[in-house]
Number of protein chains: 2
Amino acid sequence: MDMNSNLPQDIVRAIKSVVGDGPLALHEPRFNGNEWVYLKECLDSTFVSSVGKFVDRFEDDLANFTGAKSAVAVVNGTAALHVALRLAGVEAGDEVLLPALTFIATANAVAYCQATPHFVDSAERSLGMDSVSLREYLSTFTEICNGHCVNRKTGRIIRAMVPMHTFGHPVDISALLAIAHDFHLQLIEDAAESLGSTVGGQHTGTFGLMGTLSFNGNKTITAGGGGAILTNDVELGKRAKHITTTAKLPHRWNFVHDEVGFNYRLPNLNAALGCAQLEQLPGFLRDKRCLFGQYQAAFANVAGVHLVAEPTGSSSNYWLQTLLLDAAHAGQRDAVLAATNDSGLMTRPIWALMNRLPMYANSPSAPLPVAESLEQRVINIPSSSGLGTVAP
Amino acid sequence: MDMNSNLPQDIVRAIKSVVGDGPLALHEPRFNGNEWVYLKECLDSTFVSSVGKFVDRFEDDLANFTGAKSAVAVVNGTAALHVALRLAGVEAGDEVLLPALTFIATANAVAYCQATPHFVDSAERSLGMDSVSLREYLSTFTEICNGHCVNRKTGRIIRAMVPMHTFGHPVDISALLAIAHDFHLQLIEDAAESLGSTVGGQHTGTFGLMGTLSFNGNKTITAGGGGAILTNDVELGKRAKHITTTAKLPHRWNFVHDEVGFNYRLPNLNAALGCAQLEQLPGFLRDKRCLFGQYQAAFANVAGVHLVAEPTGSSSNYWLQTLLLDAAHAGQRDAVLAATNDSGLMTRPIWALMNRLPMYANSPSAPLPVAESLEQRVINIPSSSGLGTVAP
């Protein structure tokens, strides 16, 4: 008898022992706070669009919560990344290092700058950019010319690196910052998934030159859409605000814009929702951590799979709860996805590696042994913060 | 005594005779319909983000209202233009014809495609792209090579033209369509300002290959932010939806994207507001037309200035009511702006010509005598639809 044949059903049982029979979405928002009040206030003010007090407040609240000196609210996380890369000096013909194992937005933002993504491997511990193999790779394949890191093979400047805090688990940021320093790279953190996650008490997204957040509907908090740029460089924050608001120069009535800017400002309506959600974030984080503990207990006796825990020295927001199949069971990933989804529990695999997608198939890439393994073994399971308050 | 010295105060008096003493904004939204009901329904559903029934409904409602076969809702009018230009085949190194007298988004969308705006003149009658001088200009400065319109001077392909319906007044669309046909150009209508405006009973934005709408807070109706792409080519509509939703291929759980797409989908929260607003559009249009009539009567006896009326054969939404100073009084524009704003009536000039802005100063341009004259003579006055219901 094949011991493995029961793994999909074992996983279904373990999940249901925590969250009940479902049906359950992967991640649903919760609106138990001032959402109504603020949306109504916003409508009554008639300031629903790109100017309004909730946009300013949302930025202040985000800066306070994350400890960033400056937060600039934009329409979504993709726009935040695009602008951060532009402001980091990423230009047409540059290369930008990013994990092959990330959401499409990270790579697309590079493409919007007419730059080329250069994919690197991930670490199993964090699911994010691996600092050890990265340093070795850069030492071998790049050289510093005129203060720039140059890819020996393509001759192009590698301008920046964009580690992403996968599912809320922080990357090994201090080692990556050291690499950025040693190889003359700008470091932009894609913190779209890690609002509330910290390393040594410092919020993700505040370590590099800039960090970016997302408030899409599936995130820990949502503004309908929405994103933000975090930075500790106040001048850079002002630049970010300028180019996300069409680069218009302030004037009593004249319409003069001084560079090619973007219409990326978050509407006040969305910011109103974001403000109400942000007030509840500490509670959501407690509930999500509680859910992790419940899942961890439920999976303690399920052989062949374990729950991904926050890396040592960091605190994860546990945005998406993540199962990691043992290597021997990687072949059962799709059977697990089918069994769970068939039984009303929404689950999903991690993203296809970026270098497998047709538009990035010819982009440069480091060897990706860990990312390729993780791609076959990661499964996200129902993770809504509301589930963490349900007794098992 | 200088007869002209009273023009600013004459204008203040004429405006106040219609709308009262103010203070008044240039254009405020009105939320007297189902805004609150739909926003609550949206929150209660928890579908506030990029998936939800209001997004689908908003698209259906827009298609019904405009008569377009397909409407795709996006985050704003700039995003709509960007995608429309991409889908029209605008590529890096191309040129795109647009009026020098337009909002910055028209030019920026061209720049996002790494193409170059090529500015052309406007007609005093419509305030939009002038078909007469355009045909003459193209006949002289371009040639058709391999089925493409080529700028003789730069050698670049002129791929498309983007007329914009200024302040809601339709351009001379049939003459422009004939030019597009004769010179092998794609025609994209920037209908950001002209929701509700028609030519011969057909809605603006539905004549060219694609048209784009905006629902920014200052527009006739608002979704907080928001925009849409209109097209009568259903396949093109599907393409627009695909690349505005990250080009993800439908699958039960896999994340595979087949091209560089955009995160441009309108959130359901904003669509809920848009649906409620669209229901009220016919009433808004009546009120705005009524306001035009009241202003026209009030300005009938003010020498040196007149109100811009819809071009013959078309129906304007009268988004922004527009004063046009006689050429002899162009020098008084800033005095009028100061007098009106100082007395609590928000007014503004038209945009600075695009070719005056630093990032577009080196773009190719036709002679712009009419646009240069209009730039000095146009003044928008308080135009909220709510003002049209106030007795003078």
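I took strands, at least two residues of E, and helices, at least four residues of H or I, as DSSP runs numbered from the N terminus. Two strands count as paired if DSSP finds at least two bridges between them. Within S7(B), B:Gln186 is the bridge partner of B:Ala160.

I note that this is a predicted model, in which local features need pLDDT of at least 70 and side-chain atom pairs count only at pLDDT 80 or more, while totals for chains, interfaces and linings use all residues. Residues are numbered from 1 along each chain as its sequence is written, and chains are lettered from A and ligands numbered from 1 in the order in which they are written.

**Other partners of S6(B)**

I then looked up strand S2 (residues 95–99) of chain B, which runs parallel to S6(B) and is joined to it by three bridges. There, B:Leu97 has B:Met161 as its bridge partner. Strand S5 (residues 148–151) of chain B runs antiparallel to S6(B), with two bridges, and B:Cys149 is partnered with B:Ile158. S5(B) and S6(B) form a hairpin with five residues between them, and B:Gly155 in the turn has a positive phi of about 75°.

I checked burial next (buried: 20 or more other C-beta atoms within 10 Å of the residue's own; exposed: 12 or fewer; partly exposed: in between; C-beta atoms placed from the backbone). Five of the five residues of S6(B) (residues 157–161) are buried, so the strand is largely enclosed by the rest of the structure.

**Domains of chain A**

I read the bounds from the domain assignment, automatic or from a database: domain 1 of chain A is 3–28 + 281–389 and domain 2 of chain A is 35–278. Their C-alpha centres lie 25 Å apart. The contact takes 35 residues from domain 1 and 43 residues from domain 2, where contact requires C-beta atoms, placed from the backbone, within 7 Å. On the domain 1 side, helix H9 (268–299), strand S13 (314–315) and helix H11 (369–377) of chain A each supply at least two residues. H11(A) gives the most, with five residues.

**The two copies**

I superposed the copies by least squares on C-alpha atoms of residues with pLDDT of at least 70 in both. A rotation of 180° with 0.0 Å of shift along its axis places chain A on chain B (RMSD 0.0 Å). The two copies are thus related as by a two-fold rotation axis. The same surface serves both copies, as 98% of the contact residues of chain A recur in chain B.

Methods. Two residues are in contact if their C-beta atoms, placed from the backbone, lie within 7 Å.
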